[in-house]
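Let's take a friendly tour of one protein chain.

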Amino acid sequence: MKFTLPKTSIDWPNHLIGFFSALFGILIAFELDSWRERRNQEEVVAQAFDRLKTEISINQNSLHSNVAINLRKIAVLKRLADKLSDNLLFMGSKPEADSINQFFHGLILIEEDERKEGKRPVHITTSTLVMGPNHTSAWESAKATGVLNFMGYERVLTLSSIYNFSTLSEEQNLIRQLTRKADEITTKAQLIYFLTELEESYQVIQRELQEYDQFVSILGIAE
């Protein structure tokens with residue numbers, strides 16, 4: 001006896017509908033995953049950029065403040081030099097010495113030496129004339145995590161220009177080198193030369209800050 005399979009008709013429309021429904025479902029799921037990934041990426045980039053802007057703002061304010069404060073300190077020391085002997089003894093009165101010690105504590109100390117009436121040894125703390133380091137943790141984090149790859153070329157270029165401003169770094173290094181040699185100062189002439197060199201470095205930084213500020217402004221426009 002010959003066995004035959006029963007003939008069944010295939011409902012092609014329903015099969016096609018089912019197939020395309022499944023296909024569209026998969027595509028939609030992929031698209032949703034991609035959308036979520038883009039949103040997460042955008043949030044990470046936005047957060048990183050906000051941290052960078054905050055860090056840059058802190059550095060910018062610190063640079064301007066340090067330059068202004070230290071230029072005033074240098075001006076004070078230059079005026080003080082007028083009252084020093086060639087071997088760095090203060091020739092002014094005791095009330096003048098007390099006033100200077102009070103108002104410039106941490107920068108100048110004029111000792112009271114009873115053995116040398118009217119001639120008091122002067123100590124200058126040059127560590128207070130060094131600019132503090134710029135903060136770079138947000139920048140280093142952005143580089144390490146690769147988030148800069150998603151910020152756009154112009155924005156990254158501006159950020160790089162701000163964080164790698166060579167003239168500012170060079171002058172800051174020069175100031176550190178100068179202050180390390182301050183202990184070698186033994187005469188009034190050496191002190192005046194030291195202060196003049198220091199002042200020139202700060203004036204260079206002050207001028208370069210104008211260009212630095214322009215880069216920071218560009219970064220604000222590029223948001």
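Start with Y212, which touches I56, N59, Q60, L63, I162, F165 and L168, leaving aside residues up to four places away in sequence; touching, or contact, means heavy atoms within 4.5 Å. Keep in mind that this is a predicted model, where local features need pLDDT of at least 70, side-chain atom pairs count only at pLDDT 80 or more, and totals for chains, interfaces and linings use all residues. Residues are numbered from 1 along each chain as its sequence is written, and side-chain values use heavy atoms, with hydrogens and water left out.

**The chain overall**
- The chain has six helices and three strands (DSSP runs numbered from the N terminus: H or I of at least four residues for helices, E of at least two for strands).
- Along the sequence, these elements follow the pattern α-β-α-β-β-α-α-α-α.
- Of the 223 residues in the chain, 32% are buried, meaning under 20% relative accessible area with a 1.4 Å probe and protein chains only.
- Among contacts with a separation of 6 or more, 74% are between residues 24 or more positions apart.

- In soluble globular proteins, nonpolar side chains tend to be buried together.

**The pockets**
- A pocket is an open set of points on a 1 Å grid over the protein atoms alone, where a 1.4 Å probe fits, with protein on both sides within 12 Å along at least five of seven lines; lining residues have an atom within 4 Å of a point.
- The lining of the largest pocket includes L84, V122, H123, I124 and F194, and β3 gives the most to it, with three residues.
- In the second largest pocket, α6 gives the most to the lining, with four residues; among the lining residues are Q190, Y193, F194 and E197.

Conventions. Buried means under 20% relative accessible area, exposed over 50%, partly exposed in between (1.4 Å probe, protein chains only).
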